[in-house]
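Work through the exercises below with the sequence and the model open. Each task is followed by a solution in steps.

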Amino acid sequence: MPAASPSRPKVLMVSSMPEWDLAPMRELYDLIELPAGGPEELTSTADIMALVTSGGRGADAALIEALPALELIAVYGVGYDKVDLEAASRRSVAVTNTPDVLTADVADMALALTLALARRIVDGDAFVRSGAWSHKTMPLTGSVSGRKIGIVGLGRIGEAIAHRFAGFDTEIGYWNRSPKPLSSWQAFPTPSALAAWADILVVAVAGGGDTIGIVDAETIAALGRDGLLINISRGTTIDEAALLISLENGGIAGAGLDVFHGEPAIDPRFLSLGNVVLSPHQGSATMVTRRAMGAVVRANLAAYFTGEALPSAVVRRHS
Ligand code: 8YV
């Protein structure tokens with residue numbers, strides 16, 4: 001990284017970004033990597049007014065408190081559940097995220113996991129590669145078309161998932177914290193009522209304190225022995241202990257998971273299950289979307305440092 005210059009604002013990089021974003025940022029700012037030992041290891045925190053972090057890493061109260069000049073937290077992701085919003089608000093720190101630009105790719109991932117799981121695409125690939133096809137037939141798989149799809153959380157991403165599944169001649173139901181009166185899909189009063197109706201339950205609700213374990217043991221049991229569970233939201237939204245027991249005992253038929261508790265150090269019990277498709281949090285991880293997310297982060301930084309309105313603020317500074 002170039003040497004600090006007094007004329008350029010300092011931006012603390014709590015999480016890294018691709019070089020195509022870092023290069024234009026280095027033109028404008030002194031980028032300072034957060035040391036492994038935390039903010040205490042920084043030579044000076046006095047003039048760090050902005051930080052960039054990922055959805056997975058966020059910014060906790062200790063980090064926010066350690067940066068006395070901080071005024072902006074720019075999240076490289078739509079989820080800001082790992083940012084301590086109370087601490088940010090206490091210190092009048094604005095928080096921005098990258099909504100909309102990743103909706104399509106994350107919704108696509110929900111469909112990809114569903115099809116991969118139901119049609120056993122990963123098993124089929126292994127079957128062909130092993131040479132087994134020359135003397136065996138692969139077992140029959142399950143359908144997605146015509147099934148009942150339950151969506152937990154009908155926000156931007158949940159709606160995009162519903163629209164995609166509608167193209168598969170499915171029936172769509174949903175549970176959402178607030179009513180969605182304009183939706184033509186069937187609303188259910190609880191996640192477990194939705195699961196009892198659905199063949200495939202797709203979790204698209206935002207992470208955070210309010211949704212921890214919202215797909216609980218009761219909901220998983222309600223999905224039933226033939227049910228499939230898909231999660232592209234956050235690992236925290238599912239009671240993972242209950243899910244593992246259910247997968248191990250045939251309580252549900254299978255799960256397609258892009259997110260996990262404690263990722264990337266996921267529970268090793270997942271690795272020996274034959275009824276799961278596991279993905280390393282790839283929902284937004286396409287070239288197009290990551291470039292677009294980077295552009296939104298850079299637009300928020302630029303707006304902040306030139307005193308303009310933040311393009312995608314989830315929390316604004318107190319006036
Ligand atoms: C990314 C995400 O994994 O947007 C989110 O909330 O979970 C993902 O897009 C991440 O934030 C990229 O750093």
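The exercises go from the overall fold to the domain interface and then to backbone geometry.

The model is predicted: local features need pLDDT of at least 70, side-chain atom pairs count only at pLDDT 80 or more, and totals for chains, interfaces and linings use all residues. Residues are numbered from 1 along each chain as its sequence is written, and side-chain values use heavy atoms, with hydrogens and water left out.

**Exercise 1. Overall fold**

Task: Count the helices and strands of the protein, and compare its radius of gyration with the globule rule.

Solution: Start with the DSSP runs, where helices are H or I of at least four residues and strands are E of at least two, numbered from the N terminus. The protein has 10 helices and 13 strands. Next, take the radius of gyration over C-alpha atoms, and the globule rule as 2.2 Å times the number of residues to the power 0.38. The radius is 22 Å, close to the 20 Å given by the rule for 319 residues, so the protein is as compact as a globular protein of that length. Finally, the C-alpha trace spans about 70 × 50 × 35 Å along its principal axes.

**Exercise 2. The domain interface**

Task: Locate the two domains and describe what lies between them.

Solution: Domain bounds come from an automatic or database domain assignment. Domain 1 covers 10-101 + 288-315, and domain 2 covers 103-278. Their contact (heavy atoms within 4.5 Å) takes 8 residues from domain 1 and 7 residues from domain 2. Now turn to buried area, the accessible area (1.4 Å probe) that two parts lose on being put together, summed over both. The domains bury about 570 Å² between them, 38% of it on carbon and sulfur atoms. On the domain 1 side, D81, D100 and T289 lose the most area, together 65% of what that side buries.

Last, look for salt bridges, meaning a side-chain nitrogen of Lys or Arg within 4 Å of a carboxyl oxygen of Asp or Glu. The rule finds 2 across the interface. The side chains of D100 and R156 form a salt bridge at 3.6 Å, N to O.

**Exercise 3. Backbone geometry**

Task: Where in the chain do D100, R120 and P264 lie, and what is the backbone like there?

Solution: Most residues other than glycine have a negative phi, and most peptide bonds are trans. D100, in the loop between β5 (94-96) and α4 (103-118), has a positive phi of about 70°. R120, in the loop between α4 and α5 (121-129), has a positive phi of about 50°. P264 lies in the loop between β11 (254-257) and β12 (276-278), and the peptide bond from E263 to P264 is cis, with omega near 10°.
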